[in-house]
Amino acid sequence: MHKSIIALGVESSCDETSIGIIKSAFKDDVLITEKLGLVTDTQEKLHKDFGGVVPEIAARAHSEKIDTCFYRVLKESGIKIDDIDIICVTNGPGLIGGLISGINFAKGLAFTTGKPIIGVNHLVGHALTPHMTDDLRYPYLLLLASGGHCQYLAVLKANKIKRLGTTIDDAPGEVFDKVAKMLNLPTFSGSEVEKYAKKGNENRFSFPLPLINTNDCDLSFSGLKSSVRRQVDYLIEKQSGLYESDQMDVCASFQKSMRIIFEKKTKKAVDLFSKLSSGEKISFSLAGGVAANQNIRSSLKSLCNDLDIIFSAPPLELCTDNGLMIAYAGTQIYLSGRQDDMGLSPKPRWPIDLYNQKPLGFGKRGRKV
């Protein structure tokens, strides 16, 4: 039995270079985890003029920043390289250039120190975050909603996660960003949409609610995005431009539709999950970048109160991709007896539930998530 494990987590799957360090120790057969340090370098400024993440720019930024983040987190945590027991790194899914940057760094560190290396699916990192931050007991229901993913997951154990539903097209965070770009907001990000929505009239425009009447918890956002595009084009044609009030009202009305979609689909996900939870009180958690949206976060918390189920959401700094969740998931993998070697390679596409054969979320090259 390990007395304690100090784990380094490296995350570079998209547009955040993040390295975290945790210490995990068993107390009365319960794994207690302590955060030692976290440094995250975001690339928002690098991509803001392009309306989205540019893979080549992201990969170069990861390569340039990863050493700096590593030394900063060592200083913040007050530990030395030799104190680290295991090196955990995201090896999928994500942008291949970013994944390669993180994996090569982790391999170099593992080779020079002789420490074990563990590859981590960063979706599993998100899925286990509530267990790390709130000590949420298995099983629990998770909504993972971000710029690249949207799934309802039944987290049965650390190594057993079942997908209950997924988006069949766009991810919600991506749609938030594209709406910001349509409206030419100062920053093409979901956080900017939320800021404008706070001052807008959410009842001015009526946008569609795709798939809310289907008897499952699959989601669709492309029709909502297209409807916003048509409304914006109409306003520009009619007025020869957009007023700030138009921007605020579109943001508020769009966010309202998003909120209702998540409320309706979460109810259906709870119904499906209840069949797997053996009559115990259900726990629900929200993770991913969209979890930082206070409007959606608050509505789902209220829904859980109405349904008499436990609600949790990670701290805002752990909603987006981060090194702490990778360190924690890697620790769980290591304790199960698995570790990797220098043959570890990136997996741009890596479904979290390999046994779910529903033909959803497929691209030309197979399942994304």
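**Ground rules**

Two strands pair if DSSP finds at least two bridges between them. Helices (H or I, at least four residues) and strands (E, at least two) are DSSP runs, and I number them from the N terminus. My model is predicted, so I keep to its limits: local features need pLDDT of at least 70, side-chain atom pairs count only at pLDDT 80 or more, and totals for chains, interfaces and linings use all residues. Residues are numbered from 1 along each chain as its sequence is written, and side-chain values use heavy atoms, with hydrogens and water left out.

**Entry 1: sheet with β1**

I started with β1 (residues 4–11) and β2 (residues 16–27), which run antiparallel and are joined by 8 bridges. Within that pair I found Glu 11 opposite Ser 18 of β2.

Next I traced the whole sheet: it is open, has 5 strands in the order β3-β2-β1-β4-β5, and its pairing is mixed. At the edges I noted β3 (30–42) and β5 (117–121), each pairing on one side only. Neighbouring strands here are turned by 25° against each other on average, direction ignored. For angles, axes are lines fitted to C-alpha atoms (for helices over the stretch in contact), and the values run from 0 to 180 degrees between N-to-C directions.

Which strands does helix α3 touch? I see α3 (residues 96–113) packed on the sheet against β1, β2, β4 (86–92) and β5, with its direction at about 160° to that of β4. Helix α4 (residues 122–133) also packs on this sheet, touching β1, β3, β4 and β5, and its direction makes about 90° with that of β5. Contact means heavy atoms within 4.5 Å.

**Entry 2: Gly 94**

I looked up Gly 94 and found it in the loop between β4 and α3. Its relative accessibility is 24%, so I log Gly 94 as partly exposed (buried is under 20% relative accessible area, exposed over 50%, partly exposed in between, with a 1.4 Å probe and protein chains only). Gly 94 and Cys 14 are 80 residues apart along the chain, yet their C-alpha atoms are separated by 6.0 Å. Skipping neighbours within four places in sequence, I get Ser 13, Leu 99, Lys 347 and Pro 348 as the contacts of Gly 94.

**Entry 3: cysteines**

How many disulfides does the structure hold? I count 0 disulfides, taking a disulfide as a pair of cysteine sulfur atoms within 2.5 Å. For Cys 69, the nearest cysteine sulfur belongs to Cys 14, 15 Å away. Cys 69 counts as buried, at 1% relative accessibility. Cys 251 is in no disulfide either, its nearest cysteine sulfur being that of Cys 150 at 19 Å. Cys 251 is buried too, with a relative accessible area of 0%.

**Entry 4: sheet with β6**

I then went to another open sheet of 5 strands, with mixed pairing and the order β8-β7-β6-β9-β10. β8 (160–166) and β10 (310–312) are at its edges with a single partner strand each, so one side of each lacks a neighbour in the sheet. Between β6 (residues 140–145) and β7 (residues 150–157), which run antiparallel, I find 6 bridges. Leu 143 has Tyr 152 of β7 as its bridge partner.

**Entry 5: α5 and α7**

Last, I checked helix α5 (residues 172–182) against helix α7 (residues 222–239): they pack at about 5°, axes 10 Å apart. That makes α5 roughly parallel to α7 (angles under 35 degrees count as roughly parallel, over 145 as roughly antiparallel, 65 to 115 as roughly perpendicular and the rest as oblique). I list Val 175, Lys 178, Val 179 and Met 182 on the α5 side, and Lys 225, Val 228, Arg 229 and Val 232 on the α7 side.
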